[in-house]
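Please work through the following exercises with the sequence and the 3D structure at hand.

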Amino acid sequence: MDILSWDGTLSSGDFRLAACAFMQKWKSVMSAFPPWSWVPCPKQPWGASASHDVEGYLSLENIILSCYAQEEHDEISCPQKEETSCSEKEELIDIATLSNCSKVPYYDLHIIYSASYRVPVLFFRAYYSDGEPLGFNAIEKDLPAHSAKALLDSKWTFITQEEHPYLNRPWFKLHPCGTSEWMKLLFHVDVSVAKNGVTIELYLLSWLSVVGQVVGLRIPLEMLNQP
């Protein structure tokens with residue numbers, strides 16, 4: 001797509017295409033870490049949100065994010081049995097990993113298409129190993145310093161709580177207002193995009209490289225630079 005005429009949004013079909021490309025790249029580059037998966041959902045016969053036209057969403061669950069790391073060392077807390085995999089790629093240890101630690105919260109992350117805003121939206125929840133959920137205040141305290149600052153300074157993102165569109169339970173989400181505007185700016189400053197046009201396959205990767213930081217999920221340059 002031509003960057004000058006593009007409004008920063010995605011169609012539901014483009015979201016599915018971008019999701020497939022994102023899962024493949026994550027699996028290829030981030031093989032030492034839990035994979036994202038596509039969760040198919042049946043269309044609602046009537047009265048359903050238009051977002052269900054996509055028939056599914058991206059999911060990464062049961063992870064411990066880098067907010068539990070000692071930030072000065074960029075390390076993440078890992079159990080003994082995960083020690084080897086966590087040290088395989090030193091530059092990636094601040095992304096996310098499965099863990100059996102019982103004293104830190106687990107996070108579930110879902111990327112869901114919003115038909116009204118025509119952009120992806122990050123839904124998430126946090127809970128302890130016994131199933132006890134974390135409220136917003138507890139989550140806010142657990143966010144790494146750079147995430148808390150991003151929420152405080154940002155004019156385009158803030159956390160709200162509302163019903164998950166597929167699970168019908170309360171989840172937190174990063175509100176998508178302004179997403180299309182900053183996505184357009186993000187692609188506009190990329191020289192290769194300005195020359196060759198917007199690549200749908202890179203949309204989710206670029207989007208998550210910004211949005212993920214708010215909840216402590218960092219995308220390594222290796223993944224962003226690999227064609």
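**Exercise 1.** Determine where S59 is found and whether S59 counts as buried or exposed.

*Solution.* Step 1: S59 lies in strand β2 (residues 56–65); strands are DSSP runs of E, at least two residues, numbered from the N terminus. Step 2: S59 has 5% relative accessibility and therefore counts as buried, where buried means under 20% relative accessible area, exposed over 50%, and partly exposed in between (1.4 Å probe, protein chains only).

The model is predicted: local features need pLDDT of at least 70, side-chain atom pairs count only at pLDDT 80 or more, and totals for chains, interfaces and linings use all residues. Residues are numbered from 1 along each chain as its sequence is written, and side-chain values use heavy atoms, with hydrogens and water left out.

**Exercise 2.** Which side chains does the side chain of S59 meet in polar contacts?

*Solution.* Step 1: A polar contact is a pair of N or O atoms within 3.5 Å; within protein, one must be able to donate a hydrogen and the other to accept it, and residues adjacent in sequence count only if both atoms are side-chain atoms. Step 2: One partner is the side chain of E61, at 3.4 Å. Step 3: Another is the side chain of H110, at 3.3 Å.

**Exercise 3.** Describe the salt bridge between E162 and K173.

*Solution.* Step 1: A salt bridge is a side-chain nitrogen of Lys or Arg within 4 Å of a carboxyl oxygen of Asp or Glu. Step 2: The N to O distance between these side chains, E162 and K173, is 3.2 Å. Step 3: E162 belongs to strand β6 (residues 159–163) and K173 to strand β7 (residues 170–174). Step 4: E162 is partly exposed at 34% relative accessibility, whereas K173 is buried at 8%.

How values were computed: Helix = DSSP H or I, 4+ residues; strand = E, 2+ residues; numbered from the N terminus.
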